[in-house]
Amino acid sequence: MKEHNSKRSQEAKEDFNVLVATSTTLTEKILLANNPARLFLSAFLIVIFIGSVLLYMPFANRYAPAAYIDNLFEAVSAVCVTGLTTVVPATQYSTAGKVILIILMEIGGLGPMTIIAVIMQRNRRYMAMAEKKFFASAAGKSDLSDVPRYIRRIVRYTLTFELCGFAVMATHLVPEYGLKTGLFNSLFLSVSAFTNAGFDCLGAESLAKYATDPIMNITVMTLIVFGGLGFMVWFEVRDLISSRVKKEKGLLATRKRLSVHAGTVMKMTAALILSGAVMFWIFEYTNPGTISHMTPAGKMFTAMFQSVTLRTAGFSTVNIGACTRPVLIIMCLYMLIGGSPGGTAGGMKTTTAAVLYVSAVNTLNDKQNEAVIKRRSIPYNLLKQAFVILYLYVFCLFAALIVLSISEPGIETLPLIFEAFSAIGTVGISTGITGDLSLAGQIVIMVLMFIGRLGPLSVYTAFHKEKKLTNHVTYPDVDIIIG
């Protein structure tokens, strides 16, 4: 009897191994046969559709559900971690609806492919090569070394940062809202801040009531910056600090060993935050609609917060519609740049802006024929890619603004421009016109949010049919006068 059971157990084990091998082969064929960008796009669309249907259900609403297009808009905004809304989530959705928003923001911040990869790893111990390539690309990893561990670290770091933010905000919100509501609001805001989603569960005025509150300001800003720096940077910083501590060497030497990517991300992030805060403080200092009535410390916190939120977070502690025109125009540029690669932020990315800047400066100074960062030459294909990304963003913005100018004749041009930049940068702050958009206007903004989250280059790749080249032909140079 024991031998029979042992034999059946061995057969079952062999059948399981065959099943795993077969599923791995099929998965690899699917990933090789399909366009990875198309699969990535499809995953986002599926999550958005499911989220919109759930938000439309009566149990997700406190009152009668809003029109389906409004719930679709909310789902797109949550999955694309933007924060633009046509309804007020705090009053429209029930606790169940807000939980759905939390899940959508988490999936949108981590990426559907990261969630799928984690589930796959729980069912089997290894990944096929095609799967590693696909998930590494989706997670923003530049190589294929230990992809499963990299993805697990992304999830672990995300939960760690969000729990820390939750704990700090709970000490502030629980006394104000009570235990149950305070804890839930802390969790919602922590997830929303780290994923750079910009949704809030407090009311129509976002975080305006905490404009001068240091605990809420510092906590939310820290979560936004940490989420927007990119996981690759955090892993590198953590590993370097850990190695220095173990070797008992000074931590000041850590900065010298950061990669060019990590150093560029940190420098660009710091420069954008500081310069944005200074310009907001200068142009809004005497504006009665924003910060003129605040104390010097309050003005400083508000200016810094609004600059940080342009890293594609979407929270606001002032009425954006009351800001001066120069500030709104400056914000458009900062929203377009956005955060950094491999994180939860959107936008053109800080590294793309850095490559474009270095290339432009070197060309203007005519010092060398290549772009150089920290004595490292930027490959020509990366330069081309940076310029293509800029071109695609500008093209999408111009196309969207033409449609918006036709569909929204009753809205001024600058608020429309601001809304479009906020959508494609997945920022989520608004001058207050989102709820007044027509159906066509809402569709345009949803398309911009979707393009901004996936990246215009990825969207183009998903629909572009690659042609197979049978031979490589080079042509002689041509002399064309430009400029």
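Trainee: In which loop is serine 316 found?
Mentor: This is a predicted model, in which local features need pLDDT of at least 70 and side-chain atom pairs count only at pLDDT 80 or more, while totals for chains, interfaces and linings use all residues. Residues are numbered from 1 along each chain as its sequence is written, and side-chain values use heavy atoms, with hydrogens and water left out. With helices taken as DSSP runs (H or I, at least four residues) numbered from the N terminus, serine 316 lies in the loop between helix 13 (296–309) and helix 14 (325–337).

Trainee: Is serine 316 buried or exposed?
Mentor: Buried means under 20% relative accessible area, exposed over 50% and partly exposed in between, with a 1.4 Å probe and protein chains only. Leaving aside neighbours within four places in sequence, serine 316 has contacts (heavy atoms within 4.5 Å) that include Glu205, Phe305 and Ile429. Because its relative accessible area is 11%, serine 316 is buried.

Trainee: What is the angle between the planes of phenylalanine 184 and phenylalanine 188?
Mentor: Rings of Phe, Tyr and Trp (its six-membered ring) pair if their centres lie within 6.5 Å, and planes under 30 degrees apart count as stacked, over 60 as edge-to-face and the rest as tilted. Phenylalanine 184 and phenylalanine 188 are 4 residues apart in helix 9 (residues 179–194), so about one helical turn separates them. Their centres are 6.4 Å apart, and the pair is tilted, with an angle between the planes of 45°.

Terms used
Helices (H or I, at least four residues) and strands (E, at least two) are DSSP runs, numbered from the N terminus.
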